[in-house]
Amino acid sequence: MKPFYFGMLCVMSFFVLVFHNGFFCLAYDTNIKISSMYDKYESNVNEDTFQTNKKTLLDSLASNVVDHHGFYQTIVGTKSNRVYGTILCRGDISAYNYSVCALNSTRVALDGTFPKYRDVTIWFRWCFLRYSNDSFFGEILQGSAVSTATANHPDIDDPSLVLQGIPFMSGVAATVSVNSFMFHTEVLNFNQSEKRYGMAQCTRDISRQDCRRCLDGQLDTFRTVIENKRRWEIYGSNCFMWYNDYQFYFNNGSTLLLSASWRPSSRRSLVSGITFAISAALLIVF
């Protein structure tokens, strides 16, 4: 293949890939599994009934999360085989990615890794899933035992920016707790060339006061892990925080939450996206 046509094909492929959300996004913010946590192994229960209820619950979470703006809770079963479940999607992603992440997380929950565990939590970058045979709705769980933090350890930040990172994210936490969907993104403009991007979110079954306490508790618990890093993420059971030196989140997240979430409703929308991507690629190449 001639270099010109090969280059054009690569550019066209790139645009098709990044346009699949319905708008341009940061291609390197990908949905990967971050971690999982499980508890309450029980062998002396009606396994068939519990597994059936769990499967019904997970199907319900995946099928309802879009219509409920990225957050949904439900209960299936009775007595000892009752299952409580919740799913939360990141507030900046599209409804298409709500569905994708929900399916990914429920698939992991059913893959045989947690066959007899009664309390399972799964974190993906774009969504959070938990199910348990005990009610946890509206309860705040705090501390490192129910949270996980990741940081880009080699990337030590500018010392003058380190002093502003935690206070900046504390301000983001304060705003999250008063927003209607308990989700917020913000930019720290340090100077003309240096910016930091923050995002935080809480599950919408807890109070605004508990949301703020949860986020502040994460900053305190993981301060030594994240304080001087350029990039870090914290995933909990009720609240979540992200901090980065590039804009990792999608621009119109709040619009998606407040509106009827975007859906890939027909083949026409897919064809239009591909047509636009090819046209943009041709303009760049020529």
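Helices (H or I, at least four residues) and strands (E, at least two) are taken here as DSSP runs, numbered from the N terminus. The model described below is predicted, so local features need pLDDT of at least 70 and side-chain atom pairs count only at pLDDT 80 or more, whereas totals for chains, interfaces and linings use all residues. Residues are numbered from 1 along each chain as its sequence is written, and side-chain values use heavy atoms, with hydrogens and water left out.

## Overall organisation

The protein chain contains 8 helices and 10 strands. Of its 286 residues, 45% are buried; buried means under 20% relative accessible area, exposed means over 50%, and partly exposed lies in between (1.4 Å probe, protein chains only). A contact is defined by heavy atoms within 4.5 Å. Among contacts between residues at least 6 apart in sequence, 73% join residues at least 24 apart.

Helix α2 covers residues 47–64, a run of 18 residues. From its first C-alpha to its last it reaches 26 Å, close to the 26 Å expected at 1.5 Å a residue; the expected span is 1.5 Å times one less than the number of residues. The buried residues of α2 are F50, N53, K54, L57, L58, S60, L61 and A62. These buried residues pack against β2 (71–76), β3, α3 (95–109), β4 and β5.

N53 belongs to helix α2 and is buried, with a relative accessible area of 12%. Residues up to four places away in sequence aside, N53 touches V76, G77, N81 and V83. N81 is 28 residues from N53 in sequence, with 7.4 Å between the two C-alpha atoms. A polar atom of the N53 side chain lies 2.9 Å from the backbone oxygen of N81.

H69 is placed in the loop between α2 and β2 and is partly exposed, at 23% relative accessible area.

## Two residues with positive phi

Most residues other than glycine have a negative phi. H69, which is not a glycine, has a positive phi of about 55 degrees. M182 is likewise a residue other than glycine with a positive phi, in this case near 50 degrees. M182 lies in the loop between α4 (159–176) and β7 (183–189), and at 4% relative accessibility it counts as buried.

## E233 in strand β9

E233 is located in strand β9, residues 232–235, and counts as buried at 12% relative accessibility. Its side chain takes part in the two polar contacts tabulated below. A polar contact is a pair of N or O atoms within 3.5 Å; within protein, one must be able to donate a hydrogen and the other to accept it, and residues adjacent in sequence count only if both atoms are side-chain atoms.

| Side-chain pair | Polar contact |
|---|---|
| E233 and R125 | 3.3 Å |
| E233 and Y235 | 2.7 Å |

Not counting residues up to four places away in sequence, E233 touches I34, R125, T148, A149, T150, M241 and W242.

A search of the whole structure finds 4 cavities of 30 Å³ or more. On a 1 Å grid over the protein atoms alone, a cavity is a set of points where a 1.4 Å probe fits but cannot get out, and lining residues have an atom within 4 Å of a point. Grid points are joined across faces, edges and corners, and a volume is the space filled by probe spheres set on the points.

The largest cavity holds about 70 Å³ of space. It is lined by 13 residues, of which L88, C127, F128, F240 and W242 are the closest to its centre. Strands β3 (83–89), β4 (117–124), β5 (127–132) and β10 (239–244) each supply at least two residues of this lining. By class, the lining has 10 nonpolar, 1 polar and 2 charged residues. Ala, Val, Leu, Ile, Met, Phe, Trp, Tyr, Cys and Pro count as nonpolar, Asp, Glu, Lys and Arg as charged, and the others, Gly among them, as polar.

The second largest cavity holds about 50 Å³. Its lining comprises Q73, T86, F128, R130, F136, E139, L141, T203, D205, S237 and N238, which divide into 3 nonpolar, 5 polar and 3 charged residues.

E139, one of the residues lining the second largest cavity, lies in the loop between β5 and β6 (148–151). E139 is partly exposed, with a relative accessible area of 42%. Leaving aside neighbours within four places in sequence, E139 is in contact with I206 and N238. E139 and D210 are 71 residues apart in sequence and 8.9 Å apart in space, C-alpha to C-alpha.

Conventions
On a 1 Å grid over the protein atoms alone, a cavity is a set of points where a 1.4 Å probe fits but cannot get out, and a pocket is an open set with protein on both sides within 12 Å along at least five of seven lines; lining residues have an atom within 4 Å of a point.
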